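Below is a short report on one protein chain, arranged by topic. The model comes first, followed by the description.

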Amino acid sequence: MNTFPLLLASALMLSACGTSNGQSASKNPTMDNNNQYDHSTNPYYSHTDTAKLDVPLAEWKKILPEDLYYIAFEKGTERAFTGKYWDFDGIGTYACAVCGNVLFRADSKFASSCGWPSFFQPERKDAIHYHADNAFGMIRTETTCGRCGAHLGHVFDDGPKPTGQRYCINSVSLDFIGKK
Ligand SMILES: [Zn+2]
């Protein structure tokens, strides 16, 4: 009986196994089941400290999940209707996912058909900063976190009463803090 084919098959299987050395996981934190990352490695994160931060981008890049860094500091935009909060109406507040700065109260959130979480006013005046944004041939107002400078989204003047404003914010940029 010729056992050569069997031996050959075994050898092939062994070599196939040998190539599956798992790649080392990224060092950056990733989102947990609640779509929030582990803030324990982020020493700047606070819901109460409103002092301005001046953290180098290289430092944020080490601390933040990749998708958050992309939106916060490379001015990315999540795809409409894909974020965790566009269709969410929990009671509580929303904070900047980068630094924890409290940005919005849930009672200023409204159902918008745009596909991103939408609010009609910030939690306090200086929670958010505003910048003219003429990218992509549009005249828009960019919103950034008043504490850490992270890009959040844009504000438009087609919102509901009482302010008439629509803060259109990336879900990735927000951490929801439920009422305890
Ligand atoms: Zn922030």
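E1 and E2 belong to an open sheet of three strands, ordered E2-E1-E9, in which the pairing is antiparallel. Its edges are formed by E2 (102-105) and E9 (174-178), each of which pairs on one side only. From one strand to the next, the twist averages 30°.

## Overall composition and confidence

The protein chain contains three helices and nine strands. Of the 180 residues in the chain, 32% are buried. Among contacts with a separation of 6 or more, 56% are between residues 24 or more positions apart.

Mean pLDDT for the chain is 85, with 81% of residues at 70 or more. Where pLDDT is low, predicted coordinates should not be read in detail.

## Sheet of six strands

A second open sheet is described here. Six strands make it up, in the order E3-E4-E8-E7-E6-E5, again with antiparallel pairing. Strand E3 (109-110) and E5 each have a single partner strand, so one side of each is left without a neighbour in the sheet.

E5 and E6 run antiparallel and are joined by six bridges; here tyrosine 130 has threonine 143 in E6 as its bridge partner. E6 and E7 pair in the antiparallel sense over four bridges, and glutamate 142 stands opposite histidine 154 in E7. The hairpin of E6 and E7 has five residues between the strands, and in it glycine 149 takes a positive phi near 85°. E7 is also joined to E8 by four bridges, with the two strands running antiparallel; glycine 153 stands opposite isoleucine 169 in E8. Five of the six residues of E7 are buried, which leaves the strand mostly covered.

## Nonpolar core

The largest nonpolar core holds 34 residues, of which Leu68, Cys96, Val98, Leu103 and Cys145 touch the most other members. Two or more residues are contributed by each of helix H3 (66-73), E1, E2, strand E7 (151-156), strand E8 (166-169) and E9. H3 supplies the largest share, four residues.

Which residues does valine 98 contact, leaving aside its neighbours within four places in sequence? The partners are Trp60, Leu64, Leu68, Ala72, Cys145, Cys148 and Ala150. Two of these partners, Leu68 and Cys145, are themselves listed with Val98 among the members of the core that touch the most others.

## Backbone exceptions

Most residues other than glycine have a negative phi, and most peptide bonds are trans. Three sites depart from this pattern. Lysine 161 and proline 162 are joined by a cis peptide bond, with omega about 5°. Proline 162 is located in the loop between E7 and E8.

Phenylalanine 81 has a positive phi, near 65°, and is placed in the loop between H3 and E1. Is this residue buried or exposed? Phenylalanine 81 has 11 other C-beta atoms within 10 Å, and a residue counts as exposed at 12 or fewer, so it is exposed. Phenylalanine 136 also has a positive phi, near 60°; its place is in the loop between strand E5 (128-133) and strand E6 (140-145). With 6 other C-beta atoms within 10 Å, phenylalanine 136 is exposed.

Definitions and conventions
Residues are numbered from 1 along each chain as its sequence is written. This is a predicted model: local features need pLDDT of at least 70, side-chain atom pairs count only at pLDDT 80 or more; totals for chains, interfaces and linings use all residues. Two strands pair if DSSP finds at least two bridges between them. Axes are lines fitted to C-alpha atoms, for helices over the stretch in contact, and angles run from 0 to 180 degrees between N-to-C directions. A nonpolar core is a set of buried Ala, Val, Leu, Ile, Met, Phe, Trp, Tyr and Cys residues joined through C-beta atoms within 7 Å. A residue is buried if 20 or more other C-beta atoms lie within 10 Å of its own, exposed if 12 or fewer, and partly exposed in between; C-beta atoms are placed from the backbone. Two residues are in contact if their C-beta atoms, placed from the backbone, lie within 7 Å. pLDDT is the predictor's confidence in each residue, from 0 to 100.
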